[in-house]
Structure formats: C-alpha cells, structure tokens
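Dear colleague,

I am handing over a structure that will be new to you, and I would be grateful if you could look through it alongside the notes that follow.

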Amino acid sequence: MSEPAPPVLEKQRVRQVNLMSFVEQAVQVAEIAETLQVAETLQAVEALQVAETAETVQVAEIADATEIAKAAETVVSAKLHTENLDLFYGNFQALHKVNLAIPPLSITAFIGPSGCGKTTLLKTFNRMNDLVEGCRIEGDVLLDGDEIYGNMDVNHLRKRVGMVFQKPNPFPMSVYDNIAFGPRTHGIRRKGDLDEIVERSLRDAALFDELKDRLRHNALGLSGGQQQRLCIARALAAGPEVLLMDEPTSALDPASTAHIEELAIKLAERYTIVIVTHNMQQAARISDRTAFFLLGEIVECDTTAKIFSKPGDSRTEDYIRGRFG
Amino acid sequence: MRLIHDGASGPTALKPAPATAGAATTAGAAGAAAAGAAVRRTARVRRRATHRSVRDHILHALPCLAALLTAALIGFLIIYILVMGIPHISPDLFSITYNSVNVSLMPALINTVLMTLLALAFAVPIGLGGAIFLAEYARRGNRLVGLIRIAADTLAGVPSIVYGLFGLLFFVTMLGWRMSLLAGACTLAIMILPLIISTAEEALRAVPDAWREGSFGLGAGRLRTVGRILLPSALPGILAGVILGIGRIVGESAALIYTAGTATSLPTSLFDSTRTLSVHMYVLASEGLHLEKTYATAVVLLLLVLLINTASVVLARRLSRKVRNV
Amino acid sequence: MQKSAGALRERLAFIAFATAATLCVVAVLLICAFLLINGLPTLLREGPFAFIGNTTWQPATDTYGIFSMVVGSLYVTAGALVLGVPLGLLTAIYLSRFAKARTKRLLQPAVELLAGIPSVVYGFFGLVVIVPLIRQLFKVQGMGILAASIVLGIMILPTIIAVSKAALDAVPSSYYEGALALGASHERCVFSIIVPAALSGVVASVILGVGRAIGETMAVVMVVGNQVRMPVGIFEGVRTMTANIVLEMGYAADLHRQALIATALVLLIFILVINLLFSLLRKKARG
C-alpha cells in the first residue's frame, strides 16, 4: 500500500492536536462538574452525571485523565452519541447495546466484516432505517444532545446529517439540478442564492473546474468517480453538519478513491464525518477514530492509531492482523 | 431408440456431431464461417435432417404453420379493411355536421376526443394517485393493499357491457345525468382505472431505489420525492399506460351505447348525448345502409387505434431502454 | 412552523393518495351493489335456478329464463377456444422457441396490433367477410355460432399468445439444455419439456381468453344471429348473454329491465369465477 501523502499527514497531525484539545476540554468539564454539584440547571444535572461517572472512575482507581474525559465526552460534547442502542429487523437483532460517541469535526471510521451492523448504525444517524419495514429501535441516539428518534423532524434531521451512498446515485437530471435539489427542498428558491450554493458545493467537492461548463448536462453522463463527488457536493449543498459515507469508494477505481479520500480529509475541517469502509487501509489513512464492529456489537472504539497499533481486544487484533497479513 | 439409430447411421467421418438435427442446424449455421467446408457440411446437415423422425417434422411444421396463419389473418384483416375503405374516404365524410346523405364521421370524431379528454381527466388523477399509494406509501401486508389489488384485478376482468349497464343504472338513472357525455366519460373512467393503476404502479416500481434513498437522504419528504424524482422518471411508463387507456376508450362501444347514447350532433353541454367513432361505426354497420361509408369509417377508426397503440409501444420501449441504461 | 406545514402537506398527500386507491374498491363495490339491488329481485322472484335453467325468454308474457343464452355464450366461447387456443398456443411456441429474431420483430408487434383493434371493427369484419364466406361454403344463412366463434377466436389470439409466450419464455433454459444434452431433438425438447413446464401459464392464458370471449359484446351481436333458442347447429344462430343485454336494454322497462340486469349479474358471476381461477393459477405458478 502506498504511503499517505505528506499533506495528509500534516492535516492529520493538526486534527490530532484538535482532538487533544477536545479531550482537555472534556476533562475541564468534568472538573467543573464536581464544583457545580448543587446547581439545579439542566446542564448541571448532566454535569452531575459526568461527575458521578468521574467519581466511579476514581473509585475504580483509574487515574488516567483521558478515561475520565471519555466518560465526559459521551455526555457533553459529542456530535453523535448512542446509548444502549438496540436495533431489530423484525425478530433479528442487528445491533446490540451500542454505546458510541463521535466527536465533532473528525473522521470516524466503522470497520468490521460484512453484515456486522456498520451500515445499520450509520443509517440510524439520519433515520434511513425508517424506510426498512419492521425496523425497531431501543435506546438513545443523540445529535448534539437531542434525541434523533424523539420528535425531531426527520427531513430536517436529514438536512443536518447528509449521506453519501455506496453506489453513486445522481438523479436523472442536470448537474445543476442535482445539487440544487437539497437547497430547493429546504426552501431556497432565489436563482442567485442557488447559483452561489451550487458553485460553492462543487468547489468544496473539488469538482467545479471539471464541471463548470457542463452544469446543464445530464448527471448520468458523468464518470463513476465524478458521480460520487457530485453526490458529495449534493449532500454538502443541503448544508449538513454531519456527513455519513457508506462505503463511498467501493464502486470506484483507485484514482477516484484517492480523490474522495483527500476530499474527506479536507471536509473534516468543517464537517463531522462518519465513514463505513471495508478497506482497512482506507480507515487507517483517513480516520481519526475507528470503531470495530462484530456481530452487531462495537468491540472497541478508539483513536485510529491505537486501534491499529495496540488494540485492546484480541478480536480486533485478529481481524486487523488477518487483513494485514 | 431413434437416437441410437441416428448416431449409427451418420457417416463416421462426420465431425463430432451434435446429438440432434435441430442443434445441428444451429451449430452448422455457426460453423459455416469456416468457408471451405461450408457447402459440404450444409449438405450433410441436410441429409442428416432427413433422418429426423416424421414426428419431429410435424412438430416443427405445426408452430411454423400456426404463426404463418396468424400473420396471414392479421395481414388480411387489416389490408382488407384498408383496401375496401380507402377508396371511399371522401371530403364529405368529414363535414362538420352529420346527415343521412354525407354520413359524416366528423362529429363522432370530435366527440371521441372530448369523451377521451373527459374520461382521462377523471381516471388519470385517481389512477395515478392510487398507483402512488400502492407503490410508495402502502406498507407491505397492508390490508387495504390486498383489497385494492383484488378490486383492480376484478375491474380489469369485468366485460365492458357490464360497465355500460352500471353506468346506465348509476350515472344515467340514479344521478339523473341522462345519457350524456359526462355519464359516458365517468363509465369509461372506471373502465380504464385498473389499466392506469397497474401501468403507473409498474413504472414507479421500475425507478431505482437509489434515487429514493438519495432524495430522502437530502431531507426531501415523501411527497417531494414522488413529485420531483419518481414521477419524472416514471413518466414514459405512465404515459404508455395512459395512451393504452386512450386506445381502449377510442375502441369502446358496448359501455357507451347506454351511457352516452347515439346522438349524431355535437354536444353543447356535458349533459348532451353523443356518439363516439366506435359507436358510430356500430350503428352504421348494424343499419347496413351505407356499406361503403362504413368501410371508410372503419379505416379511420382502425388507423386511429393503431396509431395510438403504436405510440404506447414506442413510449414503453423508451422507458425500458432508459431503465436499462442506469 | 415549517415543520408542521410540511407534515400537514405530507398528511394531506397521504390521504389524497389513499382515497384515490380506495376509489377502486368503491367502484367494484358500487358495481356489485347496483347489479345486485337491481337484478336480485327478479332472480329471487323467478328463483335463481329457474331463471338460469328456464329456456323461455318472453318479455311479452313476463317470462324470463336465460338458459338458452347461457348455453349460447358457452357454445360460442367453446368454439372460440377450439379455434383460438391451438392457433394461439402454437404461434406462441413459434415466437418463443422457433422464430428467428427478425421474424419475431415483425410478428410480435403485429399480434400486439391485433389486441388494439376495436371490437366493432372485428364485428364488421365478421359481418362482411366471414358470414358471407360461411354462406357460400355451406349454403346456409351464415350468421351463427360458427361465425361468432371465428371472430372471437381471432379476438382472443393476442391474449393467448401474449400470456402463453410469457410463460414459455420464463421456463429456465437449464430444462431445455438438460433435455438437449440427453440427445432429444429441438422439437422434442420444446414439446415434451418446455410446454409442459409452462403449462400453468398456458392454462392461465386460456382462462383469460375465456373471460374475454364470454364478455365480448359488440362483435358477437353483429354476427351471432341473436335468435333466442337452444343451439341447433354450428351454422344456426343463438343469442349470448351479452347480446341479450345490448339488444333489449334500449327499450326494456320494469321487470324486463330487471331481468336484463339479472342477466348481467349472472355474467358477472361467471367472470368473477374465471378471475378467481386465473388468480389462483397465477399464485400457484409463482408459489
């Protein structure tokens, strides 16, 4: 496998630093929480839980600050967060007691063998599972602390949590109309505004120069890689905070894959990205954190560096070793 | 037994012979590219073909003869009507008012258009709405869906005379619309409803799921997904169904005789009796007074219906090509 | 605010679509209800078995029995099947397993055209071609069971061909290859392996054909003679149930009218039974 390009490493390092400060913040929150035990605001109640978590952790004599921080982050500042999530398709349980926190402005990769629930979990974040008949959910899925399966408007949720699918799925209309579909759906009608959004989204997806003269052409005429980047641009145009990517490169050639990976790293500066991938090198190349799935459970979730260097669970190790040979 | 005999009687010099004469013909045709041996081989294949049992020959001849007869029937029917009718097409056949001298089909033709538009105005929104419900909204195992399917299947099989009788009892008599354009159009609308529903549902189901997911994933609601993504993509299929429906309306007579009546003049309101071209044709044929004009009318009706059905086939082809390319 | 407006629109759309779909069911219920309400009194007054079993139809004396017309419909339909099924099935076999691509491209649209021709045109064709032909060949009047059977036989061809061909095409090619590999000839494979494998589809096509033939009205009225009597020979005229309705509905009143509606009711029951058979068969073919 080729070495990651130096700029990529540089960006990763920058984001590693960001993450460290995120961890530090969480520690601070935990400390503040202890001092705020008597406060009665809603935040205080949350903080109390954090404090309790911290206390139990302390009781368990684990002094590691990052451990406390991990407990804290799950409650306070994770972008997406699941708690004891069970998901059923009819009688089949696809996810078992999933607890996961996804920090903002980072790339989280889901890895694991086929049919282990990666895509299923991904699709709970924008409720695409609603389309599957007999799908039932227990437990909590939170976006910025709000219950996704509560009384949140599904369409608004999907505007905030964009998705890129396994196979490029541009609509049978022009490039322009494809990208303008999201903004139009959410009420933007003025031509000037739309033009601006289309251009910005195409630039963000590094597609503008290739397609600026073909905006009125049918999107089905583009190459596979272009189609997938168009789908990313289309998702960006809706103005999301989170971008879910379901094996976005599995149908693409290596060159297009490299394109998309670069794009994902760049986008992580402004968006929270969750990516499902079968390709472990891809996870290692681009993600900050990696979650390993097996049979509907998360075996472990940690920084990518740790998962790939010294995983905490032997099953993770087996899987990674097996793949790396 | 026969096969053993076949194998034994074939010259041993023959190439590893395909086991049957039928297959040998195809294999022979394919192998004929090897130019030099082609002629000799064909001869051998033919000789082998004579070894086919009489039974095989009969079994081969039967379908061929049947197809020939079918083709001849179709050709004869259409050509006969055209040959007998075209010489009698004259300008006065198209005068704007009907009288017993010119036997004009023009009022009936205009009525047919009116009747078609009116019937479609009822049937298309309802049929399309029903199809959207079945394809996009109803969950599997929904009891209503089963009921609707049974209803649509039943409607599809009901003979047109029964529709006519129902129209007479319900629209003409009970609602008091008399024999009229409106009563006829409503009757026809019910008649073509199952056709519209089934073709539109099929067209909607042919739209790839990836587009649905893409649209939902961008936060579009179901209604917007249907309106902006699914209906435009399914349009050719839906149109093909509608055109097929038009064909049925134009060709229909039994359902109209007692609902729209047989008046020869143009209607001045929705509640005027009118005759469509098919009914006109029936009246002419059963009166038997104007044989030549009847032939000419038959030509016009036949061409009209053939045109409509061809349009439908062409549209449906275009749809299937589009779906295949995605 | 926006959310509730959107939700309301979705809700309204759902209700509109569901209503449209339900109208289909309503239409069937209305048709059945109206025929029952208007036809049942006569059926009960005469007694259902007497109404169907009695051969005397005399509106002048208020005597209504449709047995001769039921038999007439069955004769004409049977005649159509005798002529249409072998021809249609063999043509379907030809199209599915014997035809070259080019012939297929020509013949198939032609068969589809046949399906689109209006029944009055068929009736007229029967009137000006088939009836005179029978008259000359057999020195009889011409209008009758044979003429109607020929016309209907042609009319059900497209149905038989389309449905049978679809069934024949659907037979897995492994069956054919398997038989071929055992050394059977192409003809033998087709007739002893493929046709039996597609049998339920072929039967379904015949049932659909029966439905079309028994319900056909205008084409039959024009060539069948329309005499109310038990069939006396294939060259002689009879009257079918559909013809009865069309011929007399124009002037019928009161009991006579109800008797005609009851005729339609009987016809509808025939059709429903045929539909039921068809859907059972289709289900069996799928299962």
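**A buried threonine in chain A**

Thr316(A) counts as buried, because its relative accessibility is 0%, and buried here means under 20% relative accessible area. Please keep in mind while reading that this is a predicted model. Thr316(A) has its place in helix α13 of chain A, which covers residues 314-324. Leaving aside residues up to four places away in sequence, Thr316(A) touches Phe292(A), Val299(A), Glu300(A), Ile307(A) and Pro311(A).

**Helix α6 of chain A**

The buried residues are Val175(A), Tyr176(A), Asn178(A), Ile179(A), Ala180(A), Phe181(A), Gly182(A), Pro183(A) and Thr185(A). What do the buried residues of α6(A) pack against? Within chain A they pack against α7 (191-204), α8 (208-211) and α9 (224-237), and from chain B they meet α9 (209-217) and α10 (222-251). After α6(A) comes Gly187(A), whose phi is positive, near 95°.

**Chain B as a whole**

Chain B holds 12 helices and 0 strands, and its elements, taken from the N terminus on, run α-α-α-α-α-α-α-α-α-α-α-α. Chain B has 326 residues, of which 51% count as buried. When the contacts in chain B between residues at least 6 apart in sequence are considered, 71% of them join residues at least 24 apart.

**Where chain C meets chain B**

The contact between these two chains takes 76 residues from chain C and 79 residues from chain B. The area buried between chain C and chain B is about 6,700 Å², and carbon and sulfur atoms give 82% of that area. Between chain C and chain B the count of salt bridges is 0, whereas the rule finds 9 residue pairs in polar contact across this interface, with both residues of each pair at pLDDT 80 or more. On the side of chain C that touches chain B, helix α1 of chain C (residues 2-46) gives the most, with 19 residues. Sorted by class, that side of chain C has 56 nonpolar, 13 polar and 7 charged residues.

**The two domains of chain C**

Finally, chain C is itself divided into domain 1 (2-46) and domain 2 (67-286). How far apart do the C-alpha centres of domain 1 and domain 2 of chain C lie? The C-alpha centres of these domains of chain C are 32 Å apart, and 10 residues of domain 1 are in contact with 8 residues of domain 2. Between them, domain 1 and domain 2 of chain C bury about 810 Å², with 83% of it on carbon and sulfur atoms. On the side of domain 1 of chain C that touches domain 2, the residues divide into 6 nonpolar, 3 polar and 1 charged. Across this interface within chain C the rule finds 0 salt bridges, together with 1 residue pair in polar contact, both residues being at pLDDT 80 or more.

With kind regards

Definitions and conventions: Residues numbered from 1 in each chain as written. Chains lettered and ligands numbered in written order. Predicted model: local features only at pLDDT ≥ 70, side-chain atom pairs only at ≥ 80, totals over all residues. Heavy atoms only, no water. Domains from an automatic or database assignment. Contact = heavy atoms within 4.5 Å. Buried area = accessible area lost by both parts, 1.4 Å probe. Salt bridge = Lys/Arg side-chain N within 4 Å of Asp/Glu carboxyl O. Polar contact = N/O pair within 3.5 Å; in protein donor to acceptor, adjacent residues only side chain to side chain. Nonpolar A, V, L, I, M, F, W, Y, C, P; charged D, E, K, R; others polar. Buried < 20%, exposed > 50% of the residue type's maximum accessible area, 1.4 Å probe, protein only. Helix = DSSP H or I, 4+ residues; strand = E, 2+ residues; numbered from the N terminus.
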